[in-house]
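Have the viewer open and follow along.

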Amino acid sequence: MAEETETTGEVEDFDATQGQPCDVDGCDKAARFTYTWDWGQTGVCCEQHQVEFGQKSQTLKRNCQFVALNPGAEAPLERTERAQLKGECYALEMEITDYKNRNASLYEQNRQLAGQVQALTVREAESGAQLRDMRATVEKETKAADTYRRRNAEMVDELTRLRLLVSTEDTQPGAGSRLGPGELPPGTLPPE
Ligand SMILES: [Zn+2]
């Protein structure tokens with residue numbers, strides 16, 4: 001009974017942050033496993049006693065099953081883990097700074113592109129107005145050309161009519177006094 005009281009005392013003194021203590025008498029380490037002997041005895045033990053129980057199991061040729069305690073529960077961070085996490089934290093901070101800079105750069109590019117788009121939109125509006133003007137001009141010129149074409153056709157008709165008239169007069173008597181193409185009237189000097 002005296003031993004049990006001592007054990008209970010150890011349990012009460014045990015650092016709660018370390019979880020359950022190993023239930024082996026005189027061991028104050030944190031329990032990491034539950035163990036179950038094939039004769040029914042169960043409990044919790046530290047890593048060191050898990051090894052010892054394993055050896056005992058082989059010696060006795062009796063089975064002892066171990067199950068890791070709270071595998072998800074975090075053991076207090078070791079110094080190296082803390083250093084590693086600090087390193088990761090620093091790396092992430094650098095990455096964030098990098099992203100911030102790139103974001104600022106992209107913002108500036110975006111601003112410049114928006115300005116260019118605005119300038120192009122204005123230019124496009126101007127071009128559209130010019131295009132409308134040019135279409136109006138082309139339309140006007142086309143109408144004028146049609147008018148000239150029609151007048152030209154009329155003049156060709158007139159010319160044909162006049163040529164016909166001239167050739168008719170040529171065939172009439174007394175037309176011999178008329179000059180052929182390139183002939184000069186008598187007594188006229190040819191041009192230099
Ligand atoms: Zn132990």
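My entries below go from confidence and layout to the sheet, the helices and the core.

**Ground rules.** I am working with a predicted model, in which local features need pLDDT of at least 70, side-chain atom pairs count only at pLDDT 80 or more, and totals for chains, interfaces and linings use all residues. I number residues from 1 along each chain as its sequence is written.

**Confidence.** I began with pLDDT, the predictor's confidence in each residue, from 0 to 100. The chain averages 81, and 76% of the residues score at least 70. Which elements have the lowest and the highest mean pLDDT? Helix 1 (residues 2-13) is lowest at 43, and helix 2 is highest at 94. Over residues 1-13 pLDDT stays under 50, and the model has five contacts beyond four places in sequence for them. By contact I mean two C-beta atoms, placed from the backbone, within 7 Å.

**Layout.** I count three helices and three strands in the chain, in the pattern α-β-β-α-β-α along the sequence. These are DSSP runs numbered from the N terminus: helices are H or I with at least four residues, strands are E with at least two.

The three strands form an open sheet in the order 2-1-3, with antiparallel pairing; pairing takes at least two DSSP bridges between two strands. Strand 2 (42-45) and strand 3 (64-68) are at the edges with a single partner strand each, so one side of each has no neighbour in the sheet. From one strand to the next, the twist averages 25°. Axes here are lines fitted to C-alpha atoms, for helices over the stretch in contact, and angles run from 0 to 180 degrees between N-to-C directions.

I then looked at the pair of strand 1 (residues 33-37) and strand 2, antiparallel and joined by four bridges. T34 has V44 as its bridge partner in strand 2, and Y35 stands opposite G43. Four residues lie between the strands of this hairpin, where G40 takes a positive phi near 105°.

**Helix 2.** Residues 47-60 form helix 2, which packs on the sheet and touches strand 1, strand 2 and strand 3, with its direction at about 160° to that of strand 3. The expected span is 1.5 Å times one less than the number of residues. K61 follows helix 2 with a positive phi near 55°.

I also checked G54, which sits in helix 2. G54 is partly exposed, because 13 other C-beta atoms lie within 10 Å; the scale is buried at 20 or more, exposed at 12 or fewer, and partly exposed in between, with C-beta atoms placed from the backbone.

**Helix 3.** How many buried residues does helix 3 have? The count is zero among its 92 residues. Helix 3 (residues 79-170) reaches 129 Å from first to last C-alpha, close to the expected 136 Å.

**The core.** Buried residues make up 6% of the 192 in the chain. The largest nonpolar core has seven residues: C22, A31, Y35, V44, C45, C46 and C64. Such a core is a set of buried Ala, Val, Leu, Ile, Met, Phe, Trp, Tyr and Cys residues joined through C-beta atoms within 7 Å. Beyond four places in sequence, V44 is in contact with Q20, C22, D23, A31, F33, T34 and L69.
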